[in-house]
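The following exercises concern one protein model and its sequence. Please work through each task before reading its solution.

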Amino acid sequence: MPKFFLQTFGCQMNVNDSEKVAGLLMADGYERAARAEEADFVFINTCAVREKAAEKLYHAVGRLKGLKRRRPGLRIGVGGCVAQLHGAAVLRRAPAVDVLVGPRNLARVPALLRRVRAEPRSMIDLDRRADSFDVPSSAVAHSSPVRAYVTVMEGCNHVCSFCVVPRTRGPEACRPARHVVAEVASLVARGFPEVMLLGQTVNAYRDGDVDFAGLLRLVHDVPGLERLRFTTSHPGHVTPRLADALRDLPRVCPYLHLPVQSGSDRILASMRRGYTRRQYVETVALLRGRVGDLALSSDVIVGYPGEAEADFQATMDLVDEVGFEGLFVFAYSPRPGTTAFRLRDDLPEEEKRRRVAVLNGHQQRLQQRRNAARVGSRAQVLVDAIAGPGRVAGRTPHFRIVHFAGSGELLGRTVEVEITAAGPNSLTGRLPIDSLTGASSAPIL
Ligand code: SF4
């Protein structure tokens, strides 16, 4: 049997795309290789959000060039956002690449691979009008046995100045709600307790009269589903209906990733995010007013063109004011094709790194303090990974990671865990002695 090896960079949407490519290759007679050296086809699914991520592609292909010389039958595929953004230039810079596909054309990878095996020339498919949803659910090779990703929409209608996504994934395209519900039902039937709905701006979803809150209600009612999550939400599409859905639907987890990017109105305006700091804070208040115990995480870009120390301090203040559970801090990097690319990237890299370190350090201290207060409480943990010999890990409904002693038999099960220790990024616990009797006096997280 021929073998394939996949390498994925970037977000959950890319992970889900790679799961689709893996499933389609398996249906075409391939099996998964543990290493690129054993594979007949290596596929690199790329991310263009950061400059470094794009460079990673060329380094990866550079490493594979030597392998291809030793094994002339090896074929190399490149997909995702760098493929879409750079187009045929990828082939000029990396002529070892045989198959080049955009994020909307991944379903065609097996057919293109068959063609490059028959004809000695590279194949390109970058048609942004293609329907990327036409991969049957049964063909997706999910990477987790517990949490299944389901892409509900592609692309983005926003124009954030720093972002390449609208260019690489195109405008919003939503999947019919009935297809999403059918896919979730089939995943639950295959044993997945948790589903995460994916979209670049997932809460902008709409299918006729069904908005995102409506989609949550439909999916929530799929019999047997234990947990429902979604990402990524845009602050501009948070509605009272969405807040009500988070409050009223018990299987929808009380966790929201809500990128703010900056706490400075001047920078937010330049970024074209479409909201002010006050509006973001009001959105958080709306959510917390309905869902008291809501966990929020966010993305922040520091070192954006023109970001003065006062702008950075405004972001630090916002982080204090909102109190995020987690924060992903990135140093700004100019991306060709974005409007911010025309602005002078005026902050020295050293200063950007300093701001990343200051903000991360601050957030880590806040997380440590918040997590320490959880020691002694109990949490409902859905076990999703083997963390080592005799150890497992899982997530609470609020997406907090908990490690504890346990066997692989717990994988996919939700258990009550007593929290015994806390770090900034995860909790440690144990199965309580009274877990067999059901007696408990500790608060449940
Ligand atoms: S909302 Fe902005 S940052 Fe998010 S994908 Fe769309 S353009 Fe990019």
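**Exercise 1.** Determine which residues V42 touches, leaving out those up to four places away in sequence.

*Solution.* V42 touches F5, A36, L64, L74 and I76, contact meaning that C-beta atoms, placed from the backbone, lie within 7 Å. V42 also belongs to the largest nonpolar core, which has 116 residues. Such a core is a set of buried Ala, Val, Leu, Ile, Met, Phe, Trp, Tyr and Cys residues joined through C-beta atoms within 7 Å. V42, V109, V150 and V152 have the most contacts inside this core.

The model is predicted: local features need pLDDT of at least 70, side-chain atom pairs count only at pLDDT 80 or more, and totals for chains, interfaces and linings use all residues. Residues are numbered from 1 along each chain as its sequence is written.

**Exercise 2.** Classify Q261 and F399 as buried, partly exposed or exposed.

*Solution.* First, apply the cut-offs: a residue is buried if 20 or more other C-beta atoms, placed from the backbone, lie within 10 Å of its own, exposed if 12 or fewer, and partly exposed in between. Q261 has 24 other C-beta atoms within 10 Å and is therefore buried. F399 has 17 C-beta neighbours inside 10 Å, so F399 counts as partly exposed. Next, consider the backbone. Q261 is not a glycine, yet has a positive phi of about 75 degrees; F399, also not a glycine, has a positive phi of about 75 degrees.

**Exercise 3.** State whether the peptide bond from T231 to T232 is cis or trans.

*Solution.* The bond is cis, with omega near 5 degrees.

Notes. Contact = placed C-beta atoms within 7 Å.
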